[in-house]
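Hi everyone, thanks for coming.

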Amino acid sequence: MTKILLVEDSKFFRSVVERAIRAAINVEVLTAASRAEAEAIIAEVGDDLFLALLDLELPDATGTEIIDVTRSRNIPTIVFTGTYNELQRDQFDDEHVLDYVLKDSTENLKYLVSIVRRLYRNQGVKVIVADDSRTARKLITNLLEDYNFDVLGAEDGEEALELVNAHPDARMLITDYHMPKMDGFELIKAVRGIRERDQLAIIGVSSAGSSPLSAKFIKFGANDFIIKPFLREEFFCRVTQNMDILDHIMALSEAANTDPLTGLNNRRFFFDVGAKILAAAARGKARPVVAMMDIDHFKAVND
């Protein structure tokens, strides 16, 4: 899914948002100025839409009417509106709106673009959820799936640890504290033995929220902690913040270990991993091959 639906009756604001999104990610933005136009686009390409951005005040729809259109097709939705109150926020929660953004500043426009970028990057990213409560696990799973994550569920710490080992590409673990066989603390300690903080983000959750419990989660190796029950927007902000940190660390690592011209790993990377590769080869009685090329007149290649 690589398309976004933008529904906004203001031509100027629609153009500003569309340009900002296109500049941030390589995605096709389909625009509509009314509910009727939005329904026509959804009928044609609904299965290709991974997100809808909706204004609530349209010529042929007011309030949450336009949200009903995207909700009927299970399209993740973000609302951007000129007004906001607590009653609206409760309505958005009931309608399973991912987030809402006020149209009152350029900073909020930047925030909107950052949300869209995050949701786009989340596609195909694996998150493991460990909780012995089926209800709580289902709630967190539904939230994460709304944010385009691929979710793997575990009923206890031991099952979660097996998933961490079986899926080295998982980027996040969300774990409860009270679980049978292996509690959240023991799980985190075991996971940190094989996955570092910059490889796998861990968020602890518990209904027995307290400052000492939060501190213990962090000390044992968690990146963050959330007290249950939590607001949908708080959960989204915490998950997004931790995923953004992982992305920044990965970008810095790639910049430090990759040649910007060719995209190949550089000398620093070779000396960091070379010894490990040779040691692993020796243990497995493998015969690694190293090739060196000396290119004459390399200035001409650069030029």
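Let's start with the largest pocket, which has a volume of about 490 Å³. Please keep in mind that this is a predicted model. There are 17 residues lining that pocket, and the closest to its centre are Asn265, Asn266, Phe270, Val290 and Ala291. What classes of residue make up the lining of the largest pocket? We find 12 nonpolar residues there, along with 4 polar and 1 charged.

Now over to the second largest pocket, with about 350 Å³ of space. Its lining is made of 14 residues, and here Asp198, Gln199, Ile249, Met250 and Ser253 are the closest to the centre. By class, this lining divides into 4 nonpolar, 5 polar and 5 charged residues. Which element gives the largest share of the lining of the second largest pocket? That would be α10, with 5 residues.

Let's stay with α10 for a moment and turn to how it packs. For two packed helices, we describe the angle between their axes and the distance between the axes. Helix α6, residues 134-146, and helix α10, residues 232-257, have axes that come within 11 Å and cross at roughly 65 degrees. The crossing of α6 with α10 is right-handed. On the α6 side, the contact is formed by Ile140, Leu143, Leu144 and Asp146, and they meet Arg232, Phe235 and Val239 of α10. Sorted by class, the residues of this contact are 5 nonpolar and 2 charged, with no polar ones.

That's my tour, and I'm happy to go back to any of these views.

Technical notes:
Residues numbered from 1 in each chain as written. Predicted model: local features only at pLDDT ≥ 70, side-chain atom pairs only at ≥ 80, totals over all residues. Heavy atoms only, no water. Axes fitted to C-alpha atoms, helices over the stretch in contact; angles between N-to-C directions. Helix = DSSP H or I, 4+ residues; strand = E, 2+ residues; numbered from the N terminus. Left-handed = near helix turned anticlockwise from the far one by under 90°. Contact = heavy atoms within 4.5 Å. Nonpolar A, V, L, I, M, F, W, Y, C, P; charged D, E, K, R; others polar. 1 Å grid on protein atoms, 1.4 Å probe; cavity = no way out; pocket = protein on both sides within 12 Å on 5 of 7 lines; lining within 4 Å. Points joined across faces, edges and corners; volume = space filled by probe spheres on them.
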